[in-house]
Amino acid sequence: MSVLTRDEAQTRAGLLDVHRYTIELDLTTGDETFDSRTLIRFGARADGDTFVEVKPAELRSVTLDGQPLDPETLDGNRLPLKNLTAGEHELRVHAHMRYSRTGEGMHRFTDPTDGETYVYTQLFMEDVQRVFAAFDQPDLKAVFELSVKAPQDWTVLANGITEHTGDGLWKAAATPLISTYLVAVAAGPWHSVHTEHRGLPFGLHCRRSLAPYLDTDADELLDVTRACFDRYHEKFDEPYPFDSYDQAFVPEFNAGAMENPGLVTFRDEFVYRSAVTDTERQTRAMVIAHEMAHMWFGDLVTLKWWDDIWLNESFAEYMGYQTLTEATRFDDTWTDFGVNRKAWGYDADQRPSTHPVAPEAVDDTASALLNFDGISYAKGASALRQLVTWLGEKDFLAGINTHFARHKFGNATLADFIDSLADATERDVHAWADAWLRTTGVDTLTPRITPGENGTCALTVDRAGSRPHRIAAGLYDRDLGDDGRQLVLRTRLHLDLPQTGARPIGKRPALLLLNDGDLSYAKIRFDPESFETIRKDLSGLPEPLTRAVVWNALRDAVRDGELAPAAYLETARAHLPLETDLAIVQGVLAFASTYITDRYVTPEERPAALATLSELCRDLIRRTEDGDNPGLRLIAVRHRIDVAAHPDTIAAWLADGTVPGGPELDPELRWRVLGRLAVLGATDEAAIAAELERDPSATGLEGATRCRAALPDPEAKARAWESMFGSDDLSNYLFTATAQGFWQPEQADLVRAYVPRYYTDAVALADRRGPAIAEAAGRWAFPADTVDPANLRLGEECLRDAAPIPALRRKLVDQLDDLARALRVRQGKEV
C-alpha cells in the first residue's frame, strides 16, 4: 500500500475541489465483509491525472462520469483517474470491504457476554479507505451523506442525526464540510440514554451488556458534557457547529477517544464495571472535555497537513484540562496533568525519536502517524499553558476566536494561527513560536543561591536550554509552630528567564522550588539545602500541585542517573503514606513499580524494592481502615496485589472475596489477584477457567488471556507466543492482554530464549497486520524487563538490518532508548 506524501497531497489539492460524498453501506452481507457504494462529486480546476484511494476486499466496479473504469488498474490502495478534464465530475465506486479486528477501519466485535455484535468506524489517517473510496487528505473537505443498511434490531449512529426509514435502512443528515478522517458510523443493538441541551439532542451509547453500568453513571457523564459545552460557548464566539452530540462507548478501541464531529467514540473501559477512584473519574471527564474541544480545534478548523497535528491535539489537551477545572467539580486537574501526563511528554522529548511540537517537515502519512505522542499532547499542552501565562488569557482567547472566524469549515496552518494571535497582542508571538514549537528537548533549570549582606541571599537560575520561560519560584520556610515538618509558603517570585541579573530573595528559605505552579515545561533541580528539605519534609508542602512538581523532579533525577532508585523509594516510603492527593499517590506508585522495581534495580535488589513498596501499600491500607478515603484504599490494594512477592495474603483475599475491612473484590480486582497468582505460580488453568465462567465478559476474556500467558510453564509460554506471532487471529485487545501476561521479571530464565525471537517475529507480524498491531507489539510485547546489553544489541541490529515498518520502528527506537537508560541507571551513570 502506498502512503500519501505531502507533495502528492498539495498537488491533488491544487487540482481538485471535492463537493459531496454519497455513501451507501450494507452491513447485512456477512461476518467478514460489508458492501460499500460511494458517489463522489468533485470538480477539476484543470486537465490532469490524479487518483482516489480505496482498500477493498474486492473492487466490484468503478465509473467516472458514467464511463466504466477497469478495477484491475487498482494499484495497492490507489485507483488512477487519468485524463481528467477541467470541470465537474462524478465518480462511483462499488466494493466489498473487509471488517477489521484491529480497531482500524470498520471494526467488528461480538460480545462474549450475550453474543450481540457491534461495528464502528475509526477512520483516522488512512483508514477511511478501508470503508469507502475517498480523496483521503484533510484539506479536501466535503459534505458527507450516509445511508446504512443494518440488521433489523440495530441502531445506526453517524455524524449527523440518523433516521430509520424502514427495513433496516438508516439515513444520516448531511454533514457540514468535514475531512474524510472524521466520518463516523457506529451500528449495533446499542443501549442508549437520550437527552437534550440548548436545543440539541445529546446521547450516550454502549453495548447492551454494559447498560446497567452506563445508567449508573449517566447523570455524571451528562453533567460533565453539559458543563463543558456551556463553558466552551462562553470561551468561543463560534457556536457548536454540528446538529447533535452523541458519545458512543465502543469495544476494542485503540485510542482513548476520537473526535468524530457529532459522534465521539470512546473506549468502553470508561463505562466502569468495577470500583474506580475519583481521579479515574476525573480522567474520564477530561477525555470528554478534550474531545469536545476538538469540535472547534480540528473539526471546525482542520489542519491542512499532518505537520500541524499539534493544532488539534495540544489545544484539545490544554482546553480539556483547563475547562474541566473551570466548569466542573474536578477543580484540581493540573495536578494530575503534572504528575502523570506531563511525564509522558518529558520522556518522549528526551528520546532519539523526539520532534518539535510543530515539525517543519512531515513528509508522508506514515511519518505523521508516529507524532501522536507525548510531545503532540502533553508537551504541546504545556507550551500552550506557558503561552497563556506569557500572553494573558484575554489576548489568547481573542486570537483563538479570530482564528475560528477566519478559517471555520476550512483548513489552517501554524502560520495562520500565529498570525491570528499576533493580531490580538503586541507581543512577538512569532519569536515565541520559533523558540517553543520549532525546537526539541527539555530545558533544565537549576537554582543558584548566593549569600549577600545581613543574612540575605540572591537567586540566579541557570538554564540548560534555549527557551524563554515565565515561571514562579516558591520560597518555603518551616512552620516553627509545630513539629517543624510543615512548610509554609513565604512568597512566589515571578521570574522571566533568562534573567537580567540576580534576584534578591531575603533570608535563605528552607526550600526554593522553581516552576512552582507548574506553568512552564522544564526539568528542575534543587540546591543542596532544598534537596535536604525535600528528603525530610516533602509531605509538609501545602499544595498538591507543588508536591507534584517535586515528585516530577525526583522522577527526572532517577531517570537521569542523578538520584539512586533506592533513594526515590525511601522518599516514597517516608512521604506517600501522608499524601492526600490520589493522582500523586497513583503516579508515584506507578513509576516505582513499573520502572524502578521492574527495570532500574538489579535482580538482586528487586526483592528489597518490592518489600519497600509492599510495606508502603500496607501503611496506606492501614491508614484508610476507617473508610474515609475509599479511592486511596483502592489504589493501595491494587498496588499491594501487583508487588506481592508471596501468594498467601492475596490468595486469601481471593478465596474470601474481599480485602479485610474492604473493598470486596469486584471483577477488576479478582482478575488482578489471579494475574499476580499466575505470575507467582500459585494458580492453574482450572482456576482461570472457573473465573472466566464467573465473568464471561469481554474484560473477563482479556483477564483470562493475560493470566494464561503469565503462567510460569513452558507450554503456556509457547501457546501464548504462537497466538501472538504465529497466527493472526487475536484481536487488538487480546493481543495486548497476551503480551502483558507473557513477560514477567520473575520469569526471566523461563522466557530468555524468546528475547531474540521477538525481533524477528515482531517485524514479520507488523508487516502482515499493519500499524495498530505493530504499535501493540512494540509497546506491550517488547521484552522491556530484560535489562541487559544483549537485548540492547539485538534491538539495534534489528533496526539496522530488518527494516521494520515505521510504526514498529518508532516503538523499538523508544523502547531501546529506555532500555539503554535503564542500563545506565543500574550502573549508576548520569544520562
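Which residues in H15 meet which residues in H16?

Modeller: First, the ground rules. This is a predicted model, where local features need pLDDT of at least 70, side-chain atom pairs count only at pLDDT 80 or more, and totals for chains, interfaces and linings use all residues. Residues are numbered from 1 along each chain as its sequence is written, and side-chain values use heavy atoms, with hydrogens and water left out.

Now your pair. From H15 come Ser614, Cys617, Arg618, Leu620, Ile621 and Arg623. They meet Leu632, Arg633, Ala636, Val637, His639 and Arg640 in H16. Contact here means heavy atoms within 4.5 Å. By class, the contact of H15 with H16 holds six nonpolar, two polar and four charged residues. Nonpolar covers Ala, Val, Leu, Ile, Met, Phe, Trp, Tyr, Cys and Pro; charged covers Asp, Glu, Lys and Arg; the others, Gly among them, are polar.

H15 spans residues 606–623 and H16 spans residues 630–642. Helices are DSSP runs (H or I, at least four residues), numbered from the N terminus. The two axes lie 9 Å apart, at an angle of about 150°. Axes are lines fitted to C-alpha atoms over the stretch in contact, and angles run from 0 to 180 degrees between N-to-C directions. H15 and H16 are therefore roughly antiparallel, a term for angles over 145 degrees. Their crossing is left-handed: the near helix is turned anticlockwise from the far one by less than a right angle.

For a second pair, look at H12 (residues 544–559) and H13 (residues 565–575). Their axes come within 9 Å and cross at roughly 160°. H12 and H13 are therefore roughly antiparallel too, and their crossing is left-handed. Trp551, Leu554, Arg555 and Val558 in H12 meet Pro565, Tyr568, Thr571, Ala572 and His575 in H13. That contact of H12 with H13 has six nonpolar, two polar and one charged residues.

Further along is H19, residues 685–694. Its buried residues (under 20% relative accessible area, 1.4 Å probe, protein chains only) are Ile688, Glu691 and Leu692. Down the axis of H19, these fall within an arc of 100°, so they line one face of the helix. The arc is that of the directions from the helix axis to the C-beta atoms. The buried residues of H19 pack against H18 (667–679) and H20 (698–710). On the other side of H19, Ala686, Glu693 and Arg694 are exposed, with exposed meaning over 50%.

How values were computed:
Helices (H or I, at least four residues) and strands (E, at least two) are DSSP runs, numbered from the N terminus. Angles under 35 degrees count as roughly parallel, over 145 as roughly antiparallel, 65 to 115 as roughly perpendicular and the rest as oblique.
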